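Morning, everyone. I have one structure to walk through today. Let me put it on the screen.

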Amino acid sequence: MEHQLSLLVAWLGPHALLMALVGPVLVRLVGHWLPEELFMMALGAVAARSGSPLVAAELLIAVWIGHFVTDQAVYFGGRKLKPRLERSRRFASPIARVTRQLEKSPGALLGLIPARVLPLGRGAWLAACGVIGVPWRRFVVVDMAALVLEVGLWCGLGWWMGRELSGLALSAEMAKMVALWIAAAATAAAAAVVAWRRRRQLAYISRRHPLR
């Protein structure tokens with residue numbers, strides 16, 4: 001991983017802003033050769049080493065926009081290509097599983113947050129949201145929150161490691177930091193779930209007992 005990240009950071013340097021925008025498309029198409037986590041960490045490292053808060057902010061905003069636009073394309077692709085996706089060996093099983101979860105409860109859409117942040121079938125979740133017709137506005141809100149967490153987690157790890165690329169072996173210290181970042185993302189996702197459920201409960205109570 002150290003060697004891969006070092007090479008990727010060195011190559012991204014002069015092309016970082018462009019790759020932040022178009023890289024998410026490549027990741028979605030060839031994720032097996034360019035893992036999303038590695039790409040995000042490399043951009044975080046480039047941002048940390050840029051020496052300019054403005055350049056760093058531009059990179060992080062650009063990669064967020066790149067992922068957001070790509071996610072919308074996958075979502076609408078799911079809506080258009082449902083029959084073909086269901087016949088695909090690669091997508092049929094994970095999409096069927098995610099579809100069952102999303103159909104079971106509207107609140108299950110919040111599962112997109114940890115699935116989008118962590119490698120838990122991102123493409124399948126995104127496509128399944130389109131396949132079963134999750135309302136686009138609801139999808140956008142959840143996806144935006146998930147992408148904020150993803151950029152914070154993986155680019156944050158890359159930022160932390162950006163100045164010490166020679167020490168990227170998975171040491172005990174690094175493992176602790178990874179665990180802390182993941183725990184923070186999981187806590188934020190859990191808080192979002194609680195807030196969503198509380199909102200639904202309050203809406204139900206208000207309907208049953210309207211103010212007079």
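Start with the surface. The chain exposes about 12,200 Å². Carbon and sulfur atoms supply 65% of that. Keep in mind that this is a predicted model.

Now the overall build. The chain has 10 helices and zero strands. Read from the N terminus, the elements run α-α-α-α-α-α-α-α-α-α. There are 212 residues, and buried ones make up 40% of them. What about contacts along the sequence? Take contacts between residues at least 6 apart in sequence: 79% of them join residues at least 24 apart.

Helix α3 covers residues 36–49. That is 14 residues, reaching 20 Å from the first C-alpha to the last. The expected figure, at 1.5 Å a residue, is 20 Å, and α3 comes close to it. Most of α3 is covered, with 13 of its 14 residues buried. Just after α3 comes Gly-51, with a positive phi of about 75 degrees.

Helix α8, residues 122–131, is mostly covered too: 10 of its 10 residues are buried. The list includes Arg-122, Trp-125 and Cys-129. It also includes Gly-123 and Gly-130. After α8 comes Gly-133, and its phi is positive, near 80 degrees.

On to helix α4, residues 53–80. I want to stop at two of its residues.

His-67 sits in this helix. Is His-67 buried or exposed? His-67 is buried, because its relative accessibility is 1% and the cut-off for buried is under 20%. Which side chain makes a polar contact with the side chain of His-67? Arg-116 does, at 3.2 Å. Leave aside the neighbours within four places in sequence, and His-67 is in contact with Pro-24, Glu-36, Met-40, Arg-116 and Leu-147.

Thr-70 has a relative accessible area of 8%, so it counts as buried. Its contacts, not counting residues up to four places away, are Pro-24, Val-25 and Arg-28. Pro-24 turns up on the His-67 list and on the Thr-70 list.

Helices α2, residues 16–29, and α4 each supply at least two of the patch residues. Look at Val-22, which lies in α2. Val-22 has a relative accessible area of 36%, so it is partly exposed.

Now the loop between α2 and α3, where Leu-34 is found. Leu-34 is buried, because its 17% relative accessible area falls under the 20% cut-off. Leu-34 and Gly-23 are 11 residues apart along the chain, and their C-alpha atoms are separated by 9.4 Å.

One last residue. Ile-113 is in helix α7, residues 112–117. Its relative accessible area is 5%, so Ile-113 is buried. How far is Ile-113 from Val-148, in sequence and in space? They are 35 residues apart in sequence, and 9.8 Å apart in space, C-alpha to C-alpha.

To recap. This is a predicted chain with 10 helices and zero strands. Helices α3 and α8 are mostly covered. His-67 is buried, with a polar contact to Arg-116. The nonpolar patch draws on α2 and α4. Over to you for questions.

Conventions
Residues are numbered from 1 along each chain as its sequence is written. This is a predicted model: local features need pLDDT of at least 70, side-chain atom pairs count only at pLDDT 80 or more; totals for chains, interfaces and linings use all residues. Side-chain values use heavy atoms; hydrogens and water are left out. Helices (H or I, at least four residues) and strands (E, at least two) are DSSP runs, numbered from the N terminus. Buried means under 20% relative accessible area, exposed over 50%, partly exposed in between (1.4 Å probe, protein chains only). A polar contact is a pair of N or O atoms within 3.5 Å; within protein, one must be able to donate a hydrogen and the other to accept it, and residues adjacent in sequence count only if both atoms are side-chain atoms. Contact means heavy atoms within 4.5 Å. The expected span of a helix is 1.5 Å times one less than its number of residues. Accessible areas come from the Shrake-Rupley method with a 1.4 Å probe; for residues, only the protein chains shown count as cover.
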